[in-house]
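The following note sets out several points for a colleague who has the model at hand. Each point may be read beside the coordinates.

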Amino acid sequence: MRILDFSLPGSLDRRRRLLVDALLWAVVAAPVGYAGVSPPYPRYAVPLLVGKLLLLGAAVVESRRRPLVALVLVVLGSVADGNFVFAVPVFSYLTGRRSVSARPVAGVFVLIAAGGTALNLGLLGTGEATWFLLASVLLFAAVFPWLVGRYRLQQQELAAAGHRHVEALIREERGAAERIRLRERARIAGEMHDSLGHDLSLIALRAAALEVAADLDARHRAAAGELRASVSAATERLHEIIGVLREEGGASVRPSGETVADLVDNAREAGLAVRLEAASAVAELPAMTGHAAHRVVREALTNAARYAPGAPVEVRLIRDGERVEVSVVNGAPPSEPLPAPPSRGSGLLALAERVRLAGGTLDAGPRTDGGFAVVAALPATAPPVEAIESDLAGSSGGWPGPVDAERRLHDARRRVRRSLLVALLAPAGFALVLSLVYYPVATAGTVLDRATFDQMRVGTARSDLEGLPRRQVESPVGVDRAGCEYYTDGNFPLAEPTWRLCFTDGRLASKEWIA
């Protein structure tokens, strides 16, 4: 059933394309077919008609995959049958609509124009007016429709770029909301781990002290053991929850007004043998440095209470120039320590990230005497805001905004404006170029000025006529008078026939101006 769902749209799309191609073939084949079934019927009329229709069918099939090839087929067909010219604008438009690059098409147009010019003017001896007409047909039947199709393609790309831009903006908004949500989850997770985890560790430490107290009866000692085990289990469940919520680099909330000395006092009241050595020079630290130092001490004391209960702990805060060293070192645990839950190391990983964001470094690991040391080197001055923002961006991996979509949209708009300008100016420019090329060719040696025309007298021998141009222009369409010659006065841009001189027995019989 799933295969049917995916194949059905493709099948419908193929049927739609086949129907469109069939209609296209019927439209472009109509002029050729009508001319083929209309009398007179030349020899081999039926095979020729079938061949022309098959050529148009091949052009329709190729117009989707290789539209330029289809256009070339139609242009070649127009050489043998002038009715193919009705199909040239259609396939030129499709070429512009379906071709990604414009250079191959422009090259083909240049080759057609150059080859047609050489064939008509050089080999076939076609007159300048006929050549100009054919060049105009190439311009308005091929080049201009191709430009229109090219413009429509750019419009489609602009619309697609606009949709991608909107989708990128929507993704950016969703990403911003997701970042806020993850940041809040990280904050909550950090607060739970650092505050609640620390408190639970101290409770477990107090319960362990009751469990080993000598003046406590067995029943109360068992209850204290159960309390310690329950607190340890609760701490373990807390770590499991934090494993889902916590993000590296997430900030935790420090209780208002709590200092490192307060942390040490609370731990000492809970039964931890801890000693504090703090220099007076570190009393006023930058906010990020003070918060990081607080985190280092709290995390280290929590770990000491969990994994080395009863071991002595030494906390030191010493300033050395522009650095502040925070170290928490605990001794080896008792020979038979109480069982502790396994460590996942998430607290130290988050602590290392917190220290890094503050501009410091963290070193934590076991000592040779069986103890454990946590040492952080922090800056004594506040780091620049730019550095903090850079670290935050680097730690989160950044978030791709809609910059790329904005650039694509801008490029698509620029291409559409350029295509529209080309579509409007190119035909006029090509017509001007054709006129500038055609006019010198058509007028060279054919211009008869008014003064010379007026001086000519009827009855004068042709050889005695002064100022007679060395060659003629083509006679007007539909006019064929024997013994008459046609000349132009150089009118721009077509250099149409202006003067008619008719000769009888080598003498000027009549002269007239033709409109």
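Is Leu18 buried or exposed?

1. The model is a predicted one. In this model Leu18 has a relative accessibility of 61% and therefore counts as exposed, the cut-off for that class being over 50%. Leu18 is part of helix H1, which covers residues 2-37.

2. The packing of two helices deserves attention. Two packed helices are described by the angle between their axes and by the distance between those axes. For helix H8 (residues 260-269) and helix H9 (residues 287-307), the angle is about 15° and the axes are 9 Å apart. Angles under 35 degrees count as roughly parallel, and H8 and H9 are therefore roughly parallel to each other. The crossing in which H8 passes H9 is right-handed.

3. The residues that form this contact can be listed for both helices. H8 contributes Val260, Leu263, Val264 and Ala267, while H9 contributes Ala293, His294, Val297, Arg298 and Leu301. By class, the residues of the contact of H8 with H9 comprise seven nonpolar, one polar and one charged.

4. The structure contains one disulfide. A disulfide is a covalent bond between the sulfur atoms of two cysteines. Here the partners are Cys484 and Cys502, with an S to S distance of 2.0 Å. The link of Cys484 and Cys502 is right-handed, with 95° about the S-S bond. Cys484 belongs to strand E6 (residues 484-487) and Cys502 to strand E7 (residues 499-504), so the pair ties together parts that are 18 residues apart in sequence.

5. Cys484 has 13% relative accessibility and so counts as buried. Cys502, at 6% relative accessibility, counts as buried.

6. Phi of Asp505 is near 55°, which is a positive value in a residue other than glycine. With a relative accessibility of 77%, Asp505 counts as exposed.

Note on methods: Residues are numbered from 1 along each chain as its sequence is written. This is a predicted model: local features need pLDDT of at least 70, side-chain atom pairs count only at pLDDT 80 or more; totals for chains, interfaces and linings use all residues. Side-chain values use heavy atoms; hydrogens and water are left out. Axes are lines fitted to C-alpha atoms, for helices over the stretch in contact, and angles run from 0 to 180 degrees between N-to-C directions. Helices (H or I, at least four residues) and strands (E, at least two) are DSSP runs, numbered from the N terminus. Angles under 35 degrees count as roughly parallel, over 145 as roughly antiparallel, 65 to 115 as roughly perpendicular and the rest as oblique. A crossing is left-handed if the near helix is turned anticlockwise from the far one by less than a right angle, and right-handed if clockwise. Contact means heavy atoms within 4.5 Å. Ala, Val, Leu, Ile, Met, Phe, Trp, Tyr, Cys and Pro count as nonpolar, Asp, Glu, Lys and Arg as charged, and the others, Gly among them, as polar. A disulfide is a pair of cysteine sulfur atoms within 2.5 Å. Buried means under 20% relative accessible area, exposed over 50%, partly exposed in between (1.4 Å probe, protein chains only).
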